[in-house]
Amino acid sequence: MDKNFQEEQFTGVIKFTPPLYKQRYQFVKYLVGKYKPKKVADLGCADCTLLWMLKFCSCIEVLAGLDICTSIMKEKMYRLSPLPVDYLQPAERSLTVTLHHGSVAHKDPCMLGFDLVTCIELIEHLEESELKKFPEVVFGFMAPSIVVISTPNSEFNPLFPGVTLFRHPDHKFEWNRVQFQSWALETARRYDYSVEFTGVGHPPTGMENVGFCTQIGVFVRKHPQTSESAQSEKPTEGVYKTVFKAVYPSLKDEKYLQNAVVSEVIFTAQIIKRSLLDCVVSEHEEYNDDPTERKSKFQPSMNCFSDNLGKLVVEKRMEPFVNGHVVYIPLTTIFSFPKVNQLCGTFEKLRKLIAGKVTLSSDGSAVMFNTEHENEEN
C-alpha cells in the first residue's frame, strides 16, 4: 500500500506540515519514548519507513515488520541494514531487525512477545474476512502490552475535492469517528484492553467539527499476560516467510566488545606514551642546557602530563615510565580512564579482553611500546 498517496494527491488543496505520514510516525515515536518498549512490530510495514525511524530509538532491541506485499518491502528493506559506522562504533544495546511476508489474518509464533504493535493505515486495506480475524490475531494471540491503530477519518473526506468514495483505490472501507470508536471499544472490551482516541492532521480553521484527518486508537492491555495465556493456542509451525534479517553489532557481543576495548586501550596508551616521550625530550634538552640540573632522562616529572592525567597518576600512584627504548604504561592507569572503565566494568575483565591482543610486560601489569623504530623514523 502507498501510505503517502493521499498527501501527494491533495497537497494543492490541504497541506499538512509536517506531512501527514510523518505526523503518524512521530506519534509512534512519542509512544516509544513514553513507554520504552524493547520489542516493536509494525504490521503493514510497507516501505519500512517507520521501522527505519524506530531503529534509532535506543530502547528498542527487536524490530519486526510484516506485510502482504513483498515487492514494496524488498525495494526499501536494505535501509535497515547496519552501516559501516555501526561496526566501527558498536552500540551498547543489541538490535535485530526482521521482515516477514504474510497476512495479519494469520497467526505465527514469530510475532509473540512484543511490547508494542503498530498498525498504521492498515485496517482499511483489509477484506471483510481479514478484518474479522484481525482482533483475535493481534489482541488475542499476539497480545502485546500496547497496540496503536490509525485509520482515515471519513468525516474529513469532503475537504478533499475529487474524493468521491475513498482516499485510496485499495481501501475496502473508511470509518467515521463513531464507527471506529465503536469497533475499537468492543475489541478492547473483548480482549481486556483500555483504549484512548486521538489523531493527527488538524482540520482547517472553522472546520474543527470534522475531527482529525487520521484517527488513532491507543490500546493498553489492562493486566500482564500470564505464562499460561502466552502459550495457549500457539501454532506448531510458522506461516510467515522471512524475507530479511539484520543483526546489528553490539557491545553485548564479546567479539565486538573485545575490539572496542583493545582499540580504546591502545588509543589511551598511545596518548600517555606521547605525553611521556615529549616530556623526556623536553627534560633531556633542559639537562643539556643546564648541566647543574640532575633530572633523569628516564624519570620525567609529573608536570609533563596533562593536568587530568597528572592528577590521575599522582592520586593512584600509577606511574608510566621509560626504560631504554621501551615505554611501560600500567594497566591500572589505563583502566582508570572513564571510557575503558565503562567498557570493561572490572579490571579482571580488562585483562581478559586484551590478552593476546596487546603487547604486555612479562608480568602482564603494563602495556609496552618499543620506541626504537619510531626514533629511527624521526
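Trainee: Let me begin with R190: how does this residue count at 45% relative accessibility?

Mentor: R190 counts as partly exposed at 45% relative accessibility. The scale goes like this: buried is under 20% relative accessible area, exposed is over 50%, and partly exposed is in between, using a 1.4 Å probe and protein chains only. Before we go on, keep in mind that this is a predicted model, where local features need pLDDT of at least 70, side-chain atom pairs count only at pLDDT 80 or more, and totals for chains, interfaces and linings use all residues. Residues are numbered from 1 along each chain as its sequence is written, and side-chain values use heavy atoms, with hydrogens and water left out.

Trainee: Which side chain does R190 meet in a salt bridge?

Mentor: General idea to begin with: side chains of opposite charge can pair when their charged atoms come close. A salt bridge here is a side-chain nitrogen of Lys or Arg within 4 Å of a carboxyl oxygen of Asp or Glu. R190 meets E186 that way, at 3.8 Å from N to O. E186 is partly exposed too, with a relative accessible area of 33%. Both sit in helix α7, and because they are four residues apart, about one helical turn separates them. Helices (H or I, at least four residues) and strands (E, at least two) are DSSP runs, numbered from the N terminus.

Trainee: How many salt bridges are there by this rule?

Mentor: The count comes to 11. Another one joins K132 and E128, whose closest N and O atoms are 3.9 Å apart. Those two both lie in helix α6 (residues 128-142), four residues apart, about one turn of the helix. K132 is exposed at 62% relative accessible area, and E128 is exposed at 58%.

Trainee: Which salt bridge ties together parts that are 98 residues apart in sequence?

Mentor: That's E254 with K352, 3.8 Å from N to O. E254 lies in helix α9 (residues 254-289) and K352 in helix α13 (residues 347-354), so the pair spans those 98 residues. E254 is partly exposed at 37% relative accessibility, while K352 is exposed at 54%. Salt bridges can also share partners: E186, R189 and R190 are joined into one network that way.

Trainee: What about E174, where is that residue found?

Mentor: E174 is in the loop between β5 (146-152) and α7 (177-191). Although buried, E174 has no salt bridge, and the nearest side chain of opposite charge, R167, is 4.3 Å away. For charge, Lys and Arg count as positive and Asp and Glu as negative; His and the chain ends are not counted.

Trainee: Which side chain has a polar contact with the side chain of E174?

Mentor: A polar contact is a pair of N or O atoms within 3.5 Å; within protein, one must be able to donate a hydrogen and the other to accept it, and residues adjacent in sequence count only if both atoms are side-chain atoms. The partner is N157, at 2.7 Å. The backbone nitrogen of R167 also lies 2.7 Å from a polar atom of the E174 side chain. Beyond neighbours within four places in sequence, E174 has contacts (heavy atoms within 4.5 Å) that include P152, L165, H168 and Q179.

Trainee: How many aromatic pairs are there?

Mentor: A pair of aromatic rings is described by the distance of the centres and the angle of the planes. Rings of Phe, Tyr and Trp (its six-membered ring) pair if their centres lie within 6.5 Å; planes under 30 degrees apart count as stacked, over 60 as edge-to-face and the rest as tilted. The count is 18 pairs. One of them is F16 with F156, tilted, at 6.0 Å centre to centre and 40° between the planes. This pair links distant parts of the chain, 140 residues apart: F16 is in the loop between α1 (5-10) and α2 (20-35), F156 in the loop between β5 and α7. F16 is buried at 12% relative accessible area, and F156 is buried at 0%. F156 also forms a tilted pair with F160, at 5.4 Å and 50°. Elsewhere, F134, F173, W175, F180, W183 and F197 form one aromatic cluster.

Trainee: Which residue lies over the face of F114?

Mentor: A charge sits over a ring if NZ of Lys or CZ of Arg is within 6 Å of the ring centre and within 35 degrees of the ring normal. For F114 that residue is K39, at 5.1 Å from the ring centre. K273 has its charged end over the ring of F369, 5.0 Å from the centre.
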